Amino acid sequence: MKTWAIYSLKGGVGKTAAAVNLASEAALDGRHVLLWDLDPQGAASWYLGVDDPPEMSAKRIVSGKAPLGRYVQHTDQERLDVLPGDRGYRHWDAQIHAAKQPRKVIEELIEPFSESYSLMILDCPPGIGSLATAVLRAADRVLVPVVPTPLSLRALDEVLEHVEDKKVGKTRVLPFFSMADRRRRMHREMIEAPPDTLKKAPETFIDYSTHVEQMGVHRAPVRRFSPRSRAAAQYRALYRELR
Ligand SMILES: Nc1ncnc2c1ncn2[C@@H]1O[C@H](COP(=O)(O)OP(=O)(O)O)[C@@H](O)[C@H]1O
Ligand SMILES: [Mg+2]
């Protein structure tokens, strides 16, 4: 099983949109995919049609009292399952920090799923605490959506520094441009002359698109309700570059 984390220090940069669409592409590609929605807001689970998420508690999960496998929900897409997010995830950082081996918490929790899934996608909340460190260690790849603005780039630099500081090992950080709006000069300039940290980024980037916004109306990945849109093509292309 491969593990991809969609992570940034920042909120509102397109993490959840990427997590849901990439998970859907991977399932369509024949992989058995489990998306773990680690965000207390539960947006990814909601997009995937989960209406009544079970009550989840970071404390019970970290302590092993609530085996995660019990919470897996099927979605209406074949081969795509979700572990829903819930407000009980508000205290991840404190709970993980208090564990015996904080850095290994996420790695150990997801290990059992390798029997049933070939790809695990972690949709992370923003922030840079114990959860982030544990996720960075557990993931083979960390995908960081970067809106082409200076602030978003600074957030990427901090992620890269954090990875370096914490020596999380095998993790590969892959930034990609997200919510890019080529009508804006600042976006255009950054896309045309990307900073060093983005030179090795995937070629595909995700444009600003009303189709992505409409995921909230349709509660589905873009390709399901707008398969010919540019957004659907971009998520597919991004998946293909990553797989
Ligand atoms: N490519 C995009 N184009 C337009 N809107 C987007 C795009 N990606 C995300 N959004 C919108 O921006 C908001 C934040 O996106 P989301 O994926 O939830 O970000 P995050 O998970 O990083 O907080 C949502 O309302 C979403 O619909
Ligand atoms: Mg999110």
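## Around ligand 1

Ligand 1 is surrounded by 15 residues, and the closest are G14, K15, T16, A17 and V212; a residue counts as near a molecule if its C-beta atom, placed from the backbone, lies within 6 Å of it. Helices (H or I, at least four residues) and strands (E, at least two) are DSSP runs, numbered from the N terminus.

What kinds of residue make up the shell around ligand 1? It divides into 7 nonpolar, 6 polar and 2 charged residues. Here Ala, Val, Leu, Ile, Met, Phe, Trp, Tyr, Cys and Pro count as nonpolar, Asp, Glu, Lys and Arg as charged, and the others, Gly among them, as polar.

## About the model

This is a predicted model, in which local features need pLDDT of at least 70 and side-chain atom pairs count only at pLDDT 80 or more, while totals for chains, interfaces and linings use all residues. Residues are numbered from 1 along each chain as its sequence is written, while chains are lettered from A and ligands numbered from 1 in the order in which they are written.

## Two residues with positive phi

Let's look at M179, in the loop between β7 (172–177) and α8 (185–192). Its phi is near 55 degrees, a positive value in a residue other than glycine. Is M179 buried or exposed? M179 counts as buried because it has 21 C-beta neighbours inside 10 Å; the cut-offs are 20 or more other C-beta atoms within 10 Å for buried, 12 or fewer for exposed, and in between for partly exposed, with C-beta atoms placed from the backbone.

R219 sits in the loop between α10 (215–218) and α11 (222–225). Phi of R219 is near 50 degrees, again positive in a residue other than glycine. With 16 other C-beta atoms within 10 Å, R219 is partly exposed.
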